[in-house]
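Subject: Model handover, ligand site and pockets

Hi,

Here is the model we discussed. Please open it alongside this note; my findings follow below.

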Amino acid sequence: MIEQKMLIGGEWTKGAGSETITVINPATEEVIATAPAAVEQDIEEAVNVADAAFGDWSRLTPYARGALLREASEYVRQSADRIAMLMTMEQGKPLAEAKGEVLKGADILRYYAEEGERVCGRIIPGDKANVESRVIYQPIGVAAAISPWNYPIELLAWKLGGALAAGCTIVCKLPSETPLSPLMFIECMLKAPFPRGVVNAATGKGAAIGPLLLKNPKIKKVAFTGSTAVGREVLANSMPGLKKVSLELGGSLPMIVHSDCDLEKAGAGAVRRSFRNMGQICIAVNRIYVQRRIYEEFLSLFKAKAEALIIGDGAKEACDVGPMCTLKGIETTQRHIEDALEKGATLVCGGSVPRKRGYFFEPSILRDVNHGMLVMREETFGPLVGVMPYDELDEAIALANDTDYGLAAIVYTNSLYTAKRCADEIQAGNIAVNNPDAGVMNAPYGGWKDSGFGHEHGPEGLYEYLRIKHVKMCYKP
Ligand code: NAD
């Protein structure tokens, strides 16, 4: 049993409180670790130390900060196997996927090391002789990072990389379900000689520590990834302090499969994006709209590929998908299936719990669904997707837009015209055409509508931690 400590005020500590949270291995349902439940004093100390470290850190050149981030990236890389095993044990994803995520986390640190060196201002000609305007970017202050359990390292690394490269210090509130792998990631990062207090990481329940962090007046920037419901609370708690906020929230991702597409690629894309990480991805496919003339063919291909996925305990056996991370996830998936079946949908495959122990659930497909069903309206955040036919593209686009969310959409078509119409008309922050992944490191990623605002990835993810200053210079006094 691991007795994890957190990083408060530059020290690894159990904190000032006596309570702990427990970490469960979702493949076995065994408690594998405890971590401290931070209390008000811990959060205050973390913010104070981050605030004290901010001046010197922000005054370093981007090259000096970049050098530390590159070194940190290497230390993470060297320990990728150990960190990945912890992630599989607390989150459930197969080991190879976990290792891929750790290495991506290392890449994000390196990417922002370089992006930080490219922050440039502007010089604007003045309206009078010998006058000009300089526009410069400066780090905003202490950042609070709150991240979820589905990608415990990647979603933290976007915040760490952007904040540190920009010259901000940071207090992270780690996901309660999966604090172990992000803490080991941070521990490895800090083998590089970062000054004390630049990075802090608290563990505990979000509802208890989140508000303490958000209401602290020394926090100037809030970066949140999580559900829309909690995102609204985060915004409400950040508003009185007029903090700069970015919210990466939930989604209900539509995929349009037009009859002129490469069906094999569309089927492979649908399986990957619906069931990878057991559908516990903000950009997991929830709803698939297939042009009627290829509806049956697509469904049989999709079913065959879904049934071929090997489910297992990724720490012990080779598999494509592991357990879900939480029992709550299974309950939501079952509720959405029952609701759809009651309202007339048919289960194409899946729908059952395949093992007696562990939070396992079969990849599940529903056909002949409609927008009165929960699976098409709410985010399942599980291995479930609803499929329905459409006749004309206008109808598919209208269905794709019939949601409060606007995170991402996927389109498969070989027609440039169809691709352009979907890219232009679907109301979402990210559109993938003929590929299943709407995110890439060096392009902005952010949601529309109830999926939030602000960006991570790309230079935009760095500018979230900077503020603009206009300096009007008169060179001839
Ligand atoms: P969640 O909203 O329950 O929790 C997210 C984080 O917020 C956790 O660290 C949690 O402890 C903390 N938290 C909980 N209550 C809080 C409060 N009152 N104040 C401050 N912090 C609080 O989400 P989850 O179940 O951990 O993650 C799943 C959700 O995250 C899904 O909706 C998914 O779509 C979303 N997500 C979005 C993106 C994106 O980039 N848009 C990426 C991954 C996950």
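How much space lies in the largest pocket? About 1,100 Å³. Of the 40 residues that line this pocket, the closest to its centre are Trp149, Gly226, Ser227, Val230 and Lys328. Bear in mind that the model is predicted.

**Largest pocket**

Four helices and strands to look at here: H7, E11, H8 and helix H11 (327-342) each supply at least two lining residues. H8 gives the most, with 6 residues. By class, the lining divides into 16 nonpolar, 15 polar and 9 charged residues.

What takes up this space?

**Ligand**

The shell around the ligand holds 28 residues. The closest are Ser147, Lys173, Ser227, Leu249 and Glu379.

- Glutamate 379: a polar side-chain atom lies 2.5 Å from a ligand oxygen.
- Lysine 173: an N or O atom of the side chain is 2.8 Å from a ligand oxygen.
- Glutamate 233: an N or O atom of the side chain is 3.0 Å from a ligand nitrogen.

How much of the ligand does the protein bury? Taken alone, the ligand exposes 850 Å². The protein buries 90% of that.

Which elements build the shell? Helix H7 (206-215), strand E11 (219-225) and helix H8 (228-238) each supply at least two residues. H7 gives the most to the shell, with 4 residues, whereas H8 gives the most to the pocket lining. The shell divides into 15 nonpolar, 9 polar and 4 charged residues.

**Second largest pocket**

About 400 Å³ of space lies in the second largest pocket. It is lined by 25 residues. Closest to its centre are Lys104, Tyr151, Glu154, Ile281 and Ile283. Helix H4 (95-116), helix H5 (154-166) and helix H9 (263-275) are the elements that give two or more residues to this lining. H4 has the largest share, 4 residues. The lining has 9 nonpolar, 5 polar and 11 charged residues.

Best wishes

Conventions: Residues are numbered from 1 along each chain as its sequence is written. This is a predicted model: local features need pLDDT of at least 70, side-chain atom pairs count only at pLDDT 80 or more; totals for chains, interfaces and linings use all residues. Side-chain values use heavy atoms; hydrogens and water are left out. A residue is near a molecule or strand if one of its heavy atoms lies within 4 Å of it. A polar contact is a pair of N or O atoms within 3.5 Å; within protein, one must be able to donate a hydrogen and the other to accept it, and residues adjacent in sequence count only if both atoms are side-chain atoms. Accessible areas come from the Shrake-Rupley method with a 1.4 Å probe; for residues, only the protein chains shown count as cover. Ala, Val, Leu, Ile, Met, Phe, Trp, Tyr, Cys and Pro count as nonpolar, Asp, Glu, Lys and Arg as charged, and the others, Gly among them, as polar. On a 1 Å grid over the protein atoms alone, a cavity is a set of points where a 1.4 Å probe fits but cannot get out, and a pocket is an open set with protein on both sides within 12 Å along at least five of seven lines; lining residues have an atom within 4 Å of a point. Grid points are joined across faces, edges and corners, and a volume is the space filled by probe spheres set on the points.
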